[in-house]
Amino acid sequence: MTSPHSHGEHLLDINGVELCTETFGNRADPAIVLVAGAAASMLWWDADLCEQLAAHGRFVVRYDHRDTGRSTCCPPGRPSYTYTDLVLDVLGVQDALGIGSAHVVCQSMFGGAGLVLGVDHPDRVASLTFVSTSTGADDLPPPSSDLAVPAEPDVSDAAAVVDYVVAGARAYAGGSPYFDETAVRALAAHDVARARNYASTLVNHFAIEHDRPTRGGFGDIVAPTLVVHGAHDPLLPLPHGEALRDAIPGAQLLVLKGAGHDLPRPVWDDLVPALVRHTQEGGS
């Protein structure tokens, strides 16, 4: 019988570093690996969302990137790794958990990880889902003129850091009626308190260069692909999601009405069934 409950957090030695992972559900079920966006620990894949997916017969994995949460941390502004290392961490997590091929769900900046995995490591990818991301084409629209990113906080002041994270989440929600400040503040407070060094979380992912696949681009992805994009995304407006759908052969687009650059709880009624359908086969 499939359990929708968490199996707890575990620190695993992966690619020479410690990565914190958490799994939900039955290991025998198709595996979904959730890859968070830049500066985001695994907490931003809400545990309730993970449990809902597990309850539908999926083995769900979330983990902390390097420099987030409980995973290995570098000094602020001095990451000792590359974007490729972060992509290989996805495969390292799969290896550590005995997952040969996974349904990989990549968010925002780490949509690039999905691209590299899909093109360079197709045997490890049962399907791909790109959430709130882009092809990066020069002709796509810039961020909304209404997007007001808050000033960086005093990192020695935990309360100020939490305020900063909440203000950023509010801005990226794009005026969504679903933005829940109370829930976001509780999550941010937990995230800041849990991190090894949140000063590193704030800057290090943005200090590395993006890598490209060695064998091609979005048009070379063969894995079944779902693109998920908020209708009100202020950072990467909807045409970015549409361009991604058009660039990947056979890709489908799910537009989340009322969502910005996030996955608020009210859109899960559309998101969860779509992910369950998309991950119906494979992933072990």
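## Starting at L97

L97 sits in the loop between α2 and β5; helices here are DSSP runs of H or I with at least four residues, strands are runs of E with at least two, and both are numbered from the N terminus. This is a predicted model, so local features need pLDDT of at least 70 and side-chain atom pairs count only at pLDDT 80 or more, while totals for chains, interfaces and linings use all residues. Residues are numbered from 1 along each chain as its sequence is written, and side-chain values use heavy atoms, with hydrogens and water left out.

Is L97 buried or exposed? L97 counts as buried, at 13% relative accessibility. On the scale used here, buried means under 20% relative accessible area, exposed means over 50%, and partly exposed is in between (1.4 Å probe, protein chains only). Not counting residues up to four places away in sequence, L97 touches L12, T23, R27 and V61; a contact is heavy atoms within 4.5 Å.

With 18% relative accessibility, S101 counts as buried. A polar atom of the S101 side chain lies 3.1 Å from the backbone nitrogen of A126. For a polar contact, the pair must be N or O atoms within 3.5 Å; within protein, one has to be able to donate a hydrogen and the other to accept it, and residues adjacent in sequence count only if both atoms are side-chain atoms.

Now hop from L97 to D67: the two are 30 residues apart in sequence, and their C-alpha atoms are 21 Å apart in space. D67 lies in the loop between β4 and α2 and is buried, at 1% relative accessible area. D67 isn't a glycine, yet its phi is positive, at about 70°. S108 is another non-glycine with a positive phi, about 55° in its case. You'll find S108 in the loop between β5 and α3, buried with a relative accessible area of 17%.

## Two nonpolar cores

How many residues make up the largest nonpolar core? There are 40, and V35 and I221 have the most contacts inside it. A nonpolar core, by the way, is a set of buried Ala, Val, Leu, Ile, Met, Phe, Trp, Tyr and Cys residues joined through side-chain atoms within 4.5 Å. Among the elements that each supply at least two residues to this core are β2 (17-24), β3 (31-35), α3 (111-120) and β6 (125-131). Helix α2 gives the most, with 6 residues. A second, separate core has 26 residues, including A36, W45, L49 and W268.

Back to I221: setting aside neighbours within four places in sequence, I221 is in contact with L115, V119, L128, F130, I248 and P249. F130 itself is in strand β6 and is buried, at 1% relative accessibility. The contacts of F130, again leaving out neighbours within four places, include C106, L115, F218, I221, T225 and L244. From F130 to I32 is 98 residues along the chain, and their C-alpha atoms are separated by 13 Å.

β7 (residues 225-230) is mostly covered, with 6 of its 6 residues buried. In a regular strand, side chains alternate between the two faces of the sheet. Both faces of β7 are covered: T225, V227 and H229 are buried on one side, and L226, V228 and G230 on the other.

Two strands pair if DSSP finds at least two bridges between them. β6 and β7 pair in the parallel sense over 4 bridges, and T129 has L226 of β7 as its bridge partner. β7 pairs with β8 (residues 252-256) in the parallel sense too, over 5 bridges; here G230 stands opposite L256.

The structure holds 0 disulfides, a disulfide being a pair of cysteine sulfur atoms within 2.5 Å. For C20, the nearest cysteine sulfur belongs to C50 and is 13 Å away. C20 is buried, with a relative accessible area of 0%.

C74 is buried, at 11% relative accessible area.

## What the record says

An unreviewed UniProt entry carries the annotation "domain: AB hydrolase-1" for residues 30-262. UniProt positions are given in the numbering used here, feature names are shortened, and annotations may be inferred rather than shown by experiment. The span is 33% helix and 15% strand, and its end C-alpha atoms lie 25 Å apart.
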